[in-house]
Amino acid sequence: MRVLHTSDWHLGQRLLAFDREEEHRMALDFLLNLVREQAAEILIVAGDIFDTGNPPHYARSLYYNFLTRLLATGCRHVVIVGGNHDSPAMLNAPGELLRYLNIHVVGAFPGELKDEILRLKDARGQTEAIIAAVPFLRDRDLRYSEAGESSFQRQAKVKEAISAHYHALAGLLAAEKSKDVPVIATGHLYATGATTSEKQNNIYAGNEENIDADQFPDLFDYIALGHIHRAQAVGGQSHIRYSGSIIPLSFSETADVKSVCLLDFDGRSITRAETVEVPQFRRLKTIQGTLDEVREKLLAFDRKGDRELTPWVEVIVETDQVIPQLDVELQEFVAEMNLVLMRIRLHRKQAVKAVDAALSESLEDLDVLEVFRRKCRVFGSPPEEMEELEQTFLELRSWMAERQAD
């Protein structure tokens, strides 16, 4: 049995003012060819198919076009679970139709544990793989807050509930342990020990790391994870893996190799597990240095030759001086180059006044929680109340995200 594990497509994503349609189309074409060439029998997509709950029309077209063409590759089963960016209602809408094509979609917790269990059948009607298709579990699927509990108690409840969810599934599948077919679980969460390219969004209020690797039940032969964009094994356990995203989704991911996971099973044993690199169709490049160094590096980067898609570049100029019309100067400098200069930032090498630092800082460089903290300080919130204020803010944000996804 050959399985291909991918996640975090984020179709419809925009980087600053630019959409990613061309890159995503090329990445999905590569994925389709890989399924065909490697004769993958099961494709697992572990969440965040789309970047928003209401993706643009072209993103939906990419998704359905991919699934349509996948039918001609020989891949027998597709398992898609929702991530925190996905709208469960949108993913689940064509579910009944897709099921007849052996495409199984679990956009959100279906309400009954047994409905997360997929028994994939071969042409003779025999079970050839069992998938515990666990999507992103929203707070309402896990626990309800109680009056008077601290933020640490709420965090502990989330962690315990996620672990309990997987153990309950393992309990339902205990009788399958003697069968000689792979038992695979999915997940869309932040496992302890995973490393990220940048600060990862909190997908559970007040908590980042949601489960330890050793909290997953031993019953599962492989655990296909999504949410972290960097491909990696978790907790030193090679059978618990993030496949990573298929394109770099921010400038902080430019050093990451984008890949998917290819697995061969002999019964319940993994006989091969390898990462297959996804080509970088558009280069994202960060160039940093003094203004003169930045100019030299831009020239050197432009001379590197033909690229499939025009590279996108951000520039960080190290200076303690005020440089009038820096953006105009640099845009004119690259006007004849084969690149798009997307963003220009300043990096102060020496300590500067707080007001000067604030002026050099862009809102997009801050995460949402940091903006909230600064607003609280402006309005005079006492430091001893900050933890409770942050927890309330994160819960409200989580609630709003769930409402938008629904």
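**Aromatic pairs, a tyrosine and a sheet**

Trp312 has a relative accessibility of 4%, so it counts as buried; buried means under 20% relative accessible area, exposed means over 50%, and partly exposed is in between, using a 1.4 Å probe and protein chains only. Before going on, a note on the source: this is a predicted model, in which local features need pLDDT of at least 70 and side-chain atom pairs count only at pLDDT 80 or more, while totals for chains, interfaces and linings use all residues. Residues are numbered from 1 along each chain as its sequence is written, and side-chain values use heavy atoms, with hydrogens and water left out.

Now the rings. Rings of Phe, Tyr and Trp (for Trp, the six-membered ring) pair if their centres lie within 6.5 Å; planes under 30 degrees apart are stacked, over 60 edge-to-face, and the rest tilted. By this rule there are five aromatic pairs. One of them joins Phe18 and Trp312, a tilted pair with 5.2 Å from centre to centre and 50° between the planes. Phe18 belongs to strand 3 (residues 18–19) and Trp312 to strand 16 (residues 312–318), so this pair ties together parts 294 residues apart in sequence. Helices (H or I, at least four residues) and strands (E, at least two) are DSSP runs, numbered from the N terminus. Is Phe18 buried or partly exposed? Its relative accessibility is 31%, so Phe18 counts as partly exposed.

Next come Phe50 and Tyr63. Their ring centres are 5.2 Å apart and their planes stand at 70°, so the pair is edge-to-face. Phe50 sits in the loop between strand 4 (42–46) and helix 2 (57–70), and Tyr63 in helix 2, 13 residues apart. Phe50 is buried at 1% relative accessibility, and Tyr63 is buried at 1% too. Ring pairs link Phe50, Tyr63 and Tyr64 into a cluster.

Another tyrosine, Tyr222, is in strand 10 (residues 222–226). Tyr222 is buried, with a relative accessible area of 1%. What does Tyr222 contact, leaving aside neighbours within four places in sequence? Among the residues are His5, Val183, Ser238, Cys261 and Ile270, where contact means heavy atoms within 4.5 Å. The side chains of Tyr222 and His5 are joined by a polar contact of 2.8 Å. A polar contact is a pair of N or O atoms within 3.5 Å; within protein, one must be able to donate a hydrogen and the other to accept it, and residues adjacent in sequence count only if both atoms are side-chain atoms.

Strand 1 (residues 2–6) and strand 4 pair in the parallel sense over four bridges; two strands pair if DSSP finds at least two bridges between them. The open sheet has six strands in the order 6-5-4-1-13-14, with mixed pairing. Its edge strands are strand 6 (103–106) and strand 14 (269–277), each pairing on one side only. From one strand to the next, the twist averages 15°.

Helix 1 (residues 21–37) packs on the sheet and touches strand 1, strand 13 (259–266) and strand 14, with its direction at about 165° to that of strand 1. Helix 2 also packs on the sheet, touching strand 4, strand 5 (77–81) and strand 6, and its direction makes about 160° with that of strand 5. Axes are lines fitted to C-alpha atoms, for helices over the stretch in contact, and angles run from 0 to 180 degrees between N-to-C directions.
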